[in-house]
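Notebook open, viewer loaded. I am jotting down what I look up as I go.

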Amino acid sequence: MTTVNIISLNKTYPNQSLPVLKDFSLSLNDGEMVALLGPSGMGKSTLLKLITGIERPDSGDIQFDSSSILNVDPNKRGAVLMFQKSYLFPFLNVEDNIGFGLKVQGASSETIHTEVKRMLNLIGLPGIEKRKPGQLSGGEGQRVALARALVTNPKLLLLDEPLSSLDTTVRMNLQEAIRNIQRELGVTTIFVTHDLGEAMAMSDRMALLLNGEIVALDKPENLFHRPRSLAAARFMGVSTFLSGSQLPVKKDVCSSSEKMFAIRPEHIRIQKEACKDSTPGVVSDCVFRGEYIEYQVNINEMIVRARMPMPAPMFTHGEQVYVKFAEEYLFEVEN
Ligand code: ADP
């Protein structure tokens, strides 16, 4: 059970002019899973390397339960990493792979046997002790890798895009499995991903990392529905931004022409007939996605993107339509 405090970390790699992490701070409560979300190249893996001790920060501190770990030997820090690939030892069977960390710690073969069995039950794969990694599917391999990471009872679990190489069904099953196991063991976890859906499904809080800085940190539902900044809103899939003067409705709270408002695509409706507070426009694109349809509508050279669940009215390119913004879902964002 561990609280983690990452305090004002700065890191610039040798021969690089720009820092990868700038004054980076993040705190995790005991047993919390925080998703670190961001496009690639933003410094997510670098953070994990600093925590595990593969790299050292230029300044700042990393504390587990209020004690700095920067001068603790990397393999004594109690932070374990699970990667996109399972990296199991191919010549060892599942039991020896999972028990490896305990063996290194000097545990008895009886303890190792009991703990491996416990972990195999936990990951939903009892009885596969004698199989070799080559006899496991991608999803099973990742489950075993998770068991290997957790068997030593780590202080902090670091997941670096652990599901990105798996197909959708296996991925969804594993999202659920990892989340349940993480909750059951109560292990504090940082989950690195560039996948918004995955971050939302798995985390207690999401931290959005852009250019080495956290630009938003909140519960998934808050960040998804009300991101505070323009950059965070864009990453959350919001693409319609309106100045106060462009608002089709008067937002009584704060309608000022300098303010910027945003609305999610699913809160914009496209219809054939005009109605109160609707705005005329012309359909400029239309993409059928099965469960929903995406429209782009040109309103006086401003492109608005709407996402309507099926069944939805079908419009064609160039058709004159009316756009209705669900007023209660318009929110203010900072530039
Ligand atoms: P992410 O995990 O978000 O994709 P990384 O932390 O891997 O981002 O990388 C952030 C930036 O730091 C990238 O521009 C990458 O090229 C650079 N970088 C990563 N590792 C090194 C290194 N060992 N030496 C120099 N530059 C590096």
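Is glutamine 182 buried or exposed? I get a relative accessible area of 2%, so glutamine 182 is buried (buried means under 20% relative accessible area, exposed over 50%, partly exposed in between, with a 1.4 Å probe and protein chains only).

Ground rules before going on. This is a predicted model, so local features need pLDDT of at least 70 and side-chain atom pairs count only at pLDDT 80 or more, while totals for chains, interfaces and linings use all residues. Residues are numbered from 1 along each chain as its sequence is written, and side-chain values use heavy atoms, with hydrogens and water left out.

**Glutamine 182, continued**

I placed glutamine 182 in helix H5, residues 168-185 (helices are DSSP runs of H or I with at least four residues, strands are E runs of at least two, both numbered from the N terminus). Its side chain reaches the backbone oxygen of glycine 31 at 3.1 Å. I call that a polar contact: a pair of N or O atoms within 3.5 Å, where within protein one must be able to donate a hydrogen and the other to accept it, and residues adjacent in sequence count only if both atoms are side-chain atoms. Leaving aside neighbours within four places in sequence, glutamine 182 is in contact with Gly31, Glu32, Met33, Val187 and Thr189 (contact means heavy atoms within 4.5 Å).

**Whole chain**

I count 8 helices and 18 strands. The C-alpha atoms fill a box of roughly 75 × 45 × 35 Å along the principal axes. Of the 335 residues, 47% count as buried. Among contacts with a separation of 6 or more, 67% come from residues 24 or more positions apart. The chain exposes about 16600 Å², and carbon and sulfur atoms supply 49% of it (Shrake-Rupley with a 1.4 Å probe; for residues, only the protein chains shown count as cover).

**Ligand**

Which residues are around the ligand? I list Tyr13, Gln16, Val20, Pro39, Ser40, Gly41, Met42, Gly43, Lys44, Ser45, Thr46 and Lys49, each with a heavy atom within 4 Å of the ligand. By class, this shell divides into 4 nonpolar, 6 polar and 2 charged. For the classes, Ala, Val, Leu, Ile, Met, Phe, Trp, Tyr, Cys and Pro are nonpolar, Asp, Glu, Lys and Arg are charged, and the others, Gly among them, are polar.

I looked up some polar pairs too. A backbone N or O atom of serine 45 lies 2.8 Å from a ligand oxygen, and one of glycine 43 lies 3.0 Å from a ligand oxygen. A polar side-chain atom of tyrosine 13 sits 3.4 Å from a ligand nitrogen. Taken alone the ligand exposes 560 Å², and the protein buries 63% of that.

**Helix H1**

The buried ones are Lys44, Thr46, Leu47, Leu48, Leu50, Ile51 and Thr52. Glycine 53 follows H1 and has a positive phi, near 95 degrees.

**Cores**

The largest nonpolar core has 46 residues, of which Ile98, Val144, Leu146, Leu157 and Met206 touch the most other members (a core is a set of buried Ala, Val, Leu, Ile, Met, Phe, Trp, Tyr and Cys residues joined through side-chain atoms within 4.5 Å). Helix H4, residues 138-150, gives the largest share of this core, 6 residues. Apart from it I found another core of 25 residues, among them Ile6, Leu28, Val34 and Ala207.

**Tyrosine 295**

Tyrosine 295 is in strand E15, residues 292-299. At 1% relative accessibility it counts as buried. Its side chain reaches the backbone nitrogen of phenylalanine 315 at 2.8 Å. Tyrosine 295 and alanine 306 are 11 residues apart in sequence, and 5.2 Å apart C-alpha to C-alpha.

The peptide bond from methionine 310 to proline 311 is cis, with omega near 0 degrees, and proline 311 lies in the loop between strands E16 (302-309) and E17 (320-325). Serine 8 has a positive phi near 45 degrees without being a glycine; I place serine 8 in strand E1, residues 4-11. Asparagine 300 is not a glycine either, yet has a positive phi of about 50 degrees. Asparagine 300 lies in the loop between E15 and E16 and is exposed, with a relative accessible area of 74%.
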